[in-house]
Amino acid sequence: ANGGVDTLTETLSITVGAVNDVPVRTAGSPAAVSVNEDSANSTAVTLGMGSLTYGVGGGSDESAQTLTYTVTVIPSCITVWLADGTTQVTAGSTVTLTQLQGLKYKTVANANGSGSLTWTVQDNGGTANGGVDTLTETLSITVGAVNDVPVRTAGSPAAVSVNEDSANSTAVTLGMGTLT
């Protein structure tokens, strides 16, 4: 009966909602920085981040998003500078991608230690529907301790000028009692 047809066809509507994806690094992998204390106190040295590039992540629905770059943490043993070597960057500073790529550092006088330079890459797609919009990146920095030359902290003896044979039998002070 029924002409041999025994199939019932039904439909179920499925909707996949878009969520914002985290930005991604598309190129570059800077090497950790390891230098000696006081090795770059006066002239800024590159952090080697020139090849870094980022994308918005996700599919074509996110291609119109823009990215914002923010330096969030700077280890206490260094200071960070733009490529010009004269404009200092502090934690919380927003930079362009070109500025991020050109960042340089100077070692802090007599400081040593290790930490991570940290920056974020944030898109403008928002966090609706559980989407993530911030990528956190780090670069390991180590400033190794070096043995410093002893320093005079007090005293300044005067030059001694005497006549020949004037102190042959009795010792005379050299005036170095205030040296430390």
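Biologist: Two strands pair if DSSP finds at least two bridges between them, and strands are DSSP E runs of at least two residues, numbered from the N terminus. This is a predicted model, where local features need pLDDT of at least 70 and side-chain atom pairs pLDDT 80 or more, while totals for chains, interfaces and linings use all residues. Residues are numbered from 1 along each chain as its sequence is written, and side-chain values use heavy atoms, without hydrogens or water. OK, let's go: what is the order of the four strands in the antiparallel open sheet?

Modeller: Start from the edges, strand 3 (45–46) and strand 7 (88–89), since each of them pairs on one side only. Strand 3 has two antiparallel bridges to strand 9 (residues 104–107), and Val45 stands opposite Tyr105 there. Written out, the order is 3-9-6-7.

Biologist: In which sense do strand 2 and strand 11 pair, parallel or antiparallel?

Modeller: In general, strands pair through backbone hydrogen bonds in either of two senses. Here Val33 stands opposite Ile141, and Ser34 has Thr142 as its bridge partner in strand 11. Four bridges join strand 2 and strand 11, and the sense is parallel.

Biologist: How many bridges join strand 10 to strand 11?

Modeller: Those two run antiparallel. One of the places to look is Thr120, whose bridge partner in strand 11 is Thr136. The number of bridges is ten.

Biologist: Which residue in strand 8 is the bridge partner of Tyr69?

Modeller: Follow strand 5 (67–73), which has antiparallel partners in strand 10 (residues 113–123), over six bridges, and in strand 8, over two. Towards strand 10, Leu67 stands opposite Asp123. Towards strand 8, the partner of Tyr69 is Val95.

Biologist: Which residues make up the covered face of strand 11?

Modeller: In a regular strand, side chains alternate between the two faces of the sheet. In strand 11 (134–144), the uncovered face holds Thr134, Thr136, Thr138, Ser140, Thr142 and Gly144. The covered face is Leu135, Glu137, Leu139, Ile141 and Val143.

Biologist: Which residue forms a salt bridge with Glu137?

Modeller: The structure holds one salt bridge (a Lys or Arg side-chain nitrogen within 4 Å of an Asp or Glu carboxyl oxygen). Its closest N and O atoms are 2.7 Å apart, yet it links strand 11 to strand 1 (residues 24–27), with the two residues 112 apart in the chain. The partner is Arg25.

Biologist: Now Glu62: how far from a polar atom of its side chain is the backbone nitrogen of Asp21?

Modeller: Glu62 lies in the loop between strand 4 (53–55) and strand 5. Glu62 is buried yet has no salt bridge. Still, the Asp21 backbone nitrogen comes to a polar atom of that side chain at 2.9 Å.

Biologist: Last one: is Val160 buried or exposed?

Modeller: Val160 sits in the segment after strand 11. Its relative accessibility is 54%, so it counts as exposed.

How values were computed. Buried < 20%, exposed > 50% of the residue type's maximum accessible area, 1.4 Å probe, protein only. Lys, Arg positive; Asp, Glu negative; His and termini not counted. Polar contact = N/O pair within 3.5 Å; in protein donor to acceptor, adjacent residues only side chain to side chain.
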